[in-house]
Amino acid sequence: MIFPLIANEKIKDITLNAIKENRLPHAVLIEGDVGTGRHTLANFIAKAALCKEAHKPCGVCKDCDLIQKGGHPDVLTVTPEDKKKNIGVNQIRQLKTEAYIKPHQAKKRVFIIDFADTMNAQSQNALLKILEEPPAQVMFILIAESKAAFLDTIISRCVILTLTTPELNVAASWLSENSSYNREDIKSALIDARCNIGKAKKILSGKPQSKISAAAEEFIGFLLRGDGYACLNVCAGLERSRVDADRFVKELKYYIVTQIKNNHKGVQAKKLALLYSTLPQLEKSLNTNINLGLWFSNLVATAVKIMK
Ligand SMILES: [Zn+2]
């Protein structure tokens, strides 16, 4: 698996080195604003701690997969109990009992304490007792907005990972590649969100899908059903503008990757990957004076042929 966060180079180095040298700490405190990737990082570290493959985390083994789906029996998350605003001392005591139970299927147990900054002094002191003499094969990952809420004694027992927001252009490029929104919408959302990617995604998700993005999504749907005629119909409105055609290919790429990630394995995924790899050539030909009607016919014919 590649490191899932952009920017944050220092965190990346610390984390990847610890994984490589097989010396993940007993306790990590991830601090940062909501939307900066705290849970993404916690998940990545938990996978690295439990994955049994040589290159940890592999992202595809049973352990990695169960963590991704939130159902690994050796990864336990503590959050404030229903309707309470704090993680209570009883929850930490319960955690202590759990921490001494042997792992069910992995070689370690990982405890993620979310909203860790809601622990009062009593809860923190209870946790401190566990951190001072941590049971073997246990790792704690605390997630908080700021380490300022913690006792010094807790902080000194944790490796602190402070997440920051990326620069505007870096964040915009990443979101362009990993979502189907257009660049202008992405930039304005990022500016409103002060480059916080999680917040920007929320702003963007409130925007209606653009006409071109919707067309690309439909195109993939028809293509997977082998309906080339319907694919051509979807493109009918886009033949007047090279900018639209270019945008359409970019959206298409996004939906192909999404399909591969979410729905398809084996032969179908290989075909989609092949289709993806032929698109740059088609994109390039948009810079020539090729007739756009012909260009779209060519795109559909190529895609249908590959997916047959
Ligand atoms: Zn794995």
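This is a predicted model: local features need pLDDT of at least 70, side-chain atom pairs count only at pLDDT 80 or more; totals for chains, interfaces and linings use all residues.
Which residues of helix 7 are buried? Helix 7 spans residues 168–178, and A171, A172 and L175 are buried in it. Viewed down the axis of helix 7, these buried residues fall within an arc of 100 degrees, so they line one face of the helix. The face turned away from that buried side carries N169 and E177, both exposed.

**Overall layout**

The chain has 308 residues, and 33% of them are buried. Its secondary structure comes to 14 helices and five strands. Along the principal axes, the C-alpha atoms fill a box of roughly 70 × 40 × 35 Å. Take the contacts between residues at least 6 apart in sequence: 70% of them join residues at least 24 apart.

The chain is divided into three parts, as tabulated here.

| Domain | Residues |
|---|---|
| Domain 1 | 9–162 |
| Domain 2 | 168–205 |
| Domain 3 | 211–307 |

**Domain 1 against domain 2**

How far apart do the C-alpha centres of domain 1 and domain 2 lie? The distance is 28 Å. Four residues of domain 1 are in contact with four residues of domain 2. On the domain 1 side, the touching residues divide into one nonpolar, two polar and one charged.

The five strands form an open sheet with the order 2-3-4-1-5. The pairing is parallel. Which strands sit at the edges? They are strand 2 (75–78) and strand 5 (159–162), and each pairs on one side only. Neighbouring strands of the sheet are turned by 20 degrees against each other on average, with direction ignored.

Strand 1 covers residues 27–31. Four bridges join strand 1 to strand 5, and the two run parallel. At residue level, I30 has L161 of strand 5 as its bridge partner.

Now the helix that lies on these strands. Helix 2 (residues 38–50) lies across strand 1, strand 2, strand 3 (109–113), strand 4 (138–144) and strand 5. Against strand 4, helix 2 runs at about 175 degrees.

Conventions:
Residues are numbered from 1 along each chain as its sequence is written. A residue is buried if 20 or more other C-beta atoms lie within 10 Å of its own, exposed if 12 or fewer, and partly exposed in between; C-beta atoms are placed from the backbone. Two residues are in contact if their C-beta atoms, placed from the backbone, lie within 7 Å. Domain bounds come from an automatic or database domain assignment. Ala, Val, Leu, Ile, Met, Phe, Trp, Tyr, Cys and Pro count as nonpolar, Asp, Glu, Lys and Arg as charged, and the others, Gly among them, as polar. Two strands pair if DSSP finds at least two bridges between them. Axes are lines fitted to C-alpha atoms, for helices over the stretch in contact, and angles run from 0 to 180 degrees between N-to-C directions. The arc is that of the directions from the helix axis to the C-beta atoms.
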